[in-house]
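Here is a short briefing on one chain. Look at the model first, then read the notes by topic.

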Amino acid sequence: MWQLKKLSTGETLNEPQRLPENWGPIFGLAGIQDQLGDLSWLGENFVDQGWFIVGEAPADPVQATQAELAWDRAKKMLVESDWSMFSDVPMTAGNKALWIEYRRALREIRLQAGFPSSIQWPSKPE
């Protein structure tokens, strides 16, 4: 359960509630729960406010494995190249094929024989 609090005084600003599971993806923010303790990044109206876990102790942070870190990097690279798949992006058929191949290689990164310790990262098309 989460509760909104005033950071300077600890005063609660609402009743404890669950955050929607899909809140981060809806707003396009990966790892949004890491940013909820201080909402000042949302603007002037949110300075001195933050969401906190109540009623249960926060879990100890878990160290990501090498495989998780590599896959996270590949997913980030895929997101950064999403624009290349839009139909209204002016690009030659040859360039489109290069981007398709690049994205395929990223999706298949975990299939490499050396994954995760030895990865051949694909080169981003120009």
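## Briefing: helices, core and loop

I109 sits in the segment after α3. The structure is a predicted model: local features need pLDDT of at least 70, side-chain atom pairs count only at pLDDT 80 or more, and totals for chains, interfaces and linings use all residues. Residues are numbered from 1 along each chain as its sequence is written, and side-chain values use heavy atoms, with hydrogens and water left out.

**Overall layout**

- The chain has three helices and two strands. Both kinds of element are DSSP runs, numbered from the N terminus: helices are H or I with at least four residues, strands are E with at least two.
- Along the sequence the pattern reads β-α-β-α-α.
- The chain has 126 residues, and 24% of them count as buried. Buried means under 20% relative accessible area, exposed over 50%, and partly exposed in between (1.4 Å probe, protein chains only).
- The accessible surface of the chain is about 9200 Å², with 55% belonging to carbon and sulfur atoms. Accessible areas come from the Shrake-Rupley method with a 1.4 Å probe; for residues, only the protein chains shown count as cover.
- Among contacts in the chain with a separation of 6 or more, 46% join residues 24 or more positions apart. Contact means heavy atoms within 4.5 Å.

**Nonpolar cores**

- The largest nonpolar core has eleven residues: A70, W71, A74, M77, L78, W99, Y102, L106, I109, F115 and I119. Such a core is a set of buried Ala, Val, Leu, Ile, Met, Phe, Trp, Tyr and Cys residues joined through side-chain atoms within 4.5 Å.
- Both α2 and α3 supply at least two residues each to this core. The most come from α2, which gives five.
- A second, separate core has five residues, including W2, L36, L39 and W51.
- In soluble globular proteins, nonpolar side chains tend to be buried together.

**Helix α2**

- Helix α2 covers residues 66–80. Its 15 residues reach 21 Å from first C-alpha to last, close to the 21 Å expected at 1.5 Å a residue. The expected span is 1.5 Å times one less than the number of residues.
- A70, W71, A74, M77 and L78 are buried in α2. Seen down the axis, the buried residues of α2 fall within an arc of 120 degrees, so they line one face of the helix. The arc is that of the directions from the helix axis to the C-beta atoms.
- An α-helix has 3.6 residues a turn, so residues three or four places apart point the same way.
- The face of α2 turned away from its buried side carries exposed L69, K76 and V79.
- The buried residues of α2 pack against α3.
- L78 is in α2 and counts as buried because its relative accessibility is 12%. Not counting residues up to four places away in sequence, L78 touches R103, L106 and R107.
- L78 and R107 are 29 residues apart in sequence, yet 7.9 Å apart in space, C-alpha to C-alpha.

**Helix α3**

- Helix α3 covers residues 93–107. Its 15 residues should span 21 Å at 1.5 Å a residue, and its end C-alpha atoms are 21 Å apart, which agrees.
- W99, Y102, R103, A105 and L106 are buried in α3. They cover an arc of only 160 degrees around the axis, which puts them on the same side of α3.
- The cover over the buried residues of α3 includes α2.

**Loop between α2 and α3**

- S81 lies in this loop and counts as buried because its relative accessibility is 2%. Leaving out residues up to four places away in sequence, S81 touches W99, Y102 and R103.
- S84 is also found in the loop between α2 and α3. At 0% relative accessibility, S84 counts as buried.
- Setting aside residues up to four places away in sequence, S84 touches M91, K96, W99 and R103.
- The side chain of S84 reaches the backbone oxygen of S81 at 2.6 Å.

**Segment after α3**

- I109 counts as buried because its relative accessibility is 0%.
- Not counting residues up to four places away in sequence, I109 touches W71, A74, F115, I119, Q120, W121 and P122.
- I109 and I119 are ten residues apart along the chain, and their C-alpha atoms are separated by 7.4 Å.
- Leaving aside neighbours within four places in sequence, I119 is in contact with A70, I109 and Q112.

Terms used: Polar contact = N/O pair within 3.5 Å; in protein donor to acceptor, adjacent residues only side chain to side chain.
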